[in-house]
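Hi everyone, thanks for making time.

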Amino acid sequence: MVRKRQLEILLEKVEGFAEPSARREQYATPATVAASVLHWAYMQGDLEGLVCDLGSGTGVLAIGAKLLGADRVVGLDVDPRAVKTAEENARRVGVSVDWVVGDVNHLPFKPVFNVVVMNPPFGAQRRGADRPFLRGALGIADVIYSIHNYGSKDFVQRFISPSVITEWRTVEFPIRHTFEFHRRERHVIKAEMYRIERR
Ligand code: SAH
């Protein structure tokens, strides 16, 4: 078993977006946050079997899931450049993940996944940007771990009903200066992670 701190160190090797797109809200999940959600899922016994990362970006969650012993991991993202970086990242870390270029609105998967782990767009640029991700995830897996804006719980619970948020945690999310419209160099926001069960 890879411990949480070891996992963080390995995930620091994962490169972020070379040219992040603001419209698609391309923020790579920091290694500390990725390790938190993955370790949490692992401790609940949920990171087994077939795992999917929706909006996998440059791959930190998919790669981490594989490091924690998932049998098989699939990462999907709409941006082919991000998928290419994800491939390189997996090679560098030394794990095997299946990468797919695709859109969450038209998922090319059957409902065979044990779990989806995802950090969807927060909807800062476009409200409700996380909805197709929740809908897509509920269409293919029994359990979902997902990272959202602080304070989204009631909205997400209503949106996914009759499925349920069984547990949640807050997590500190360091944001680097990525886009021109960000003023401060580095600040920390609070985010929430949910464990969702399909009902
Ligand atoms: N999960 C990654 C990236 C988070 S950023 C990480 O944790 O680091 C959100 C990602 O969602 C981006 O990579 C963006 O390209 C992707 N995305 C946005 N809209 C999408 C869509 N309709 N279908 C698939 N991926 C999408």
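Predicted model: local features only at pLDDT ≥ 70, side-chain atom pairs only at ≥ 80, totals over all residues.

I'll start with the ligand and then move on to the nonpolar cores.

Okay, the ligand. What sits around it? There are 20 residues surrounding the ligand, and the closest are Gln-26, Thr-29, Gly-55, Asp-77 and Asp-103. If you sort that shell by class, you get 8 nonpolar, 8 polar and 4 charged residues.

Let's zoom in on some of the polar atoms. Thr-29 has a side-chain N or O atom 2.4 Å from an oxygen atom of the ligand. For Gln-26, a polar side-chain atom is 3.0 Å from a ligand oxygen. Over at Asp-103, a side-chain N or O atom lies 3.0 Å from a nitrogen atom of the ligand. And how much of the ligand does the protein bury? On its own the ligand would expose 570 Å², and the protein buries 94% of that.

Now the cores. The largest nonpolar core has 41 residues, and Leu-11, Leu-38, Leu-47 and Ile-63 have the most contacts inside it. Several helices and strands supply at least two residues each, among them α1 (4-11), α3 (60-67) and β6 (164-176). Which element gives the largest share? That's α2, with 8 residues.

Take Leu-11 as an example. Setting aside its neighbours within four places in sequence, Leu-11 is in contact with residues including Ala-34, Leu-38, Val-60, Ile-63 and Leu-67.

Last one: there's also a second, separate core of 21 residues, and Phe-113, Leu-138, Ile-140 and Tyr-194 are among them.

Technical notes:
Residues numbered from 1 in each chain as written. Heavy atoms only, no water. Near = heavy atom within 4 Å. Polar contact = N/O pair within 3.5 Å; in protein donor to acceptor, adjacent residues only side chain to side chain. Areas by Shrake-Rupley, 256 points an atom, 1.4 Å probe, with all protein chains shown as cover. Nonpolar A, V, L, I, M, F, W, Y, C, P; charged D, E, K, R; others polar. Core = buried A, V, L, I, M, F, W, Y, C linked by side-chain atoms within 4.5 Å. Buried < 20%, exposed > 50% of the residue type's maximum accessible area, 1.4 Å probe, protein only. Helix = DSSP H or I, 4+ residues; strand = E, 2+ residues; numbered from the N terminus. Contact = heavy atoms within 4.5 Å.
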